[in-house]
Amino acid sequence: MEGTNVEYRRENAMVTMKIRRPYTTASMWSSGKLTVTGATSEPDSRIAARRFSRKLQRLGYKVRLANFRVVNVLATCRMPFAIRIAQFSQAHRANASYEPELHPGVTYKIKEIKAVLKIFSTGSITVTAPSVSNVEMAIHQIFPLVVEHQMEKLKVKDKFELNVHKHNIVAGRKRKHRGGALPRQLKKSRTNEGTSLSECDTDSDCDSGDSFDSNESAD
C-alpha cells in the first residue's frame, strides 16, 4: 500500500515491483525471497537486486541482501545459414524433440551443462542455461551439429521473385476459373448528333471503334 510501482497479486501471494535503471522486475514473497528478472548482464542483475533492497529499507523493513546468485540466463544467437530442422531432429533423436504442431522449433537438451536450446529453421537459436559460461559452452557444442544440416538462405531478391511467381500462378488460376461467355457491355459512341449508348456482343466489337446510331443495331 505504501510502495511505488508495485502490484499485489493475491492469487500468487506475491508483490511485483519495477524500476527503470536497470529496467527490471522483482517478484517478492512474504518469506523474504526476491527474484529479479529482465537484466541483460550479471552485474546489472546484482545492481537491480541492491536497488530493490534499498526501496524496501525506505519502507521500514530491515533488509540484508544475502545468498545472491544467477539461476537462469536466456540468450539468443543467429547462425549465418538456415537449418533443416526436420533432418536435424531425426539425426539427434536422443536429445532433440520436434513437434511442428506445437512449436515451430526443435528442442535440444544438453544434460551435462543443463542447457536447453530452441533451434529454428531460420538459423535463430534460443539458449536457456544457469549461467553465461554455460550458454557459451552450449553454443560451441551445437554449432558443429547444425553445420551438417545447413542450407542457403533466400536473398531479398529471390524472395521477391518467388512471391511474384506465386502471385502470377494464383492470378492465372483465377482467370482460368472465370471462363464462360463474356458479359454484354455498353459503350459510349460519339456522333455528330451527340453521344449515344450501344450494346456490344463481344470485346472485339467494342474495341473496333465503330459508332452506331440509336436506331441501328450492333452486328
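Mentor: Helix α1 supplies five residues to the lining of the largest pocket, the largest share. Helices (H or I, at least four residues) and strands (E, at least two) are DSSP runs, numbered from the N terminus. The model is predicted, so local features need pLDDT of at least 70 and side-chain atom pairs pLDDT 80 or more, while totals for chains, interfaces and linings use all residues. Residues are numbered from 1 along each chain as its sequence is written, and side-chain values use heavy atoms, without hydrogens or water.

Trainee: What volume does the largest pocket have?

Mentor: Rolling a probe the size of a water molecule over the atoms shows where empty space is left. A pocket is an open set of points on a 1 Å grid over the protein atoms alone where a 1.4 Å probe fits, with protein on both sides within 12 Å along at least five of seven lines; lining residues have an atom within 4 Å of a point. A volume is the space filled by probe spheres set on the points, which are joined across faces, edges and corners. Here, the largest pocket has a volume of about 1500 Å³. Its lining comprises 45 residues, of which W29, K33, L34, T35 and V36 are the closest to the centre.

Trainee: Which helices and strands each supply at least two residues of that lining?

Mentor: Among the strands they are β1 (6–9), β2 (14–19), β3 (24–29), β4 (34–37) and β5 (73–78), and the helices are α1 (42–58) and α3 (132–147).

Trainee: How do the residues of the lining of the largest pocket divide into nonpolar, polar and charged?

Mentor: Ala, Val, Leu, Ile, Met, Phe, Trp, Tyr, Cys and Pro count as nonpolar, Asp, Glu, Lys and Arg as charged, and the others, Gly among them, as polar. In the largest pocket, 27 lining residues are nonpolar, twelve are polar and six are charged.

Trainee: Which residues line the second largest pocket?

Mentor: The second largest pocket holds about 230 Å³ of space, and its lining consists of T4, N5, K18, I19, R20, R21, Y23, R51 and K55. Strand β2 and helix α1 each give at least two residues to this lining. Five of the lining residues are charged, with two nonpolar and two polar.

Trainee: Where is N5 found, and what is its phi?

Mentor: N5 is found in the segment before β1. Its phi is near 55°, a positive value in a residue other than glycine. K114 also has a phi near 55°, again positive in a residue other than glycine. K114 sits in the loop between β8 (106–110) and β9 (115–119).

Trainee: Is N5 buried or exposed?

Mentor: Residues are called buried under 20% relative accessible area, exposed over 50% and partly exposed in between (1.4 Å probe, protein chains only). N5 is exposed because its relative accessible area is 57%. K114 counts as exposed because its relative accessibility is 65%.

Trainee: What is the place of V63, and what is that of V147?

Mentor: V63 is in the loop between α1 and β5 and counts as partly exposed at 26% relative accessibility. Ten residues separate V63 from S53 in sequence, and 6.3 Å in space, C-alpha to C-alpha. V147, by contrast, lies in helix α3 and counts as partly exposed at 28% relative accessibility.
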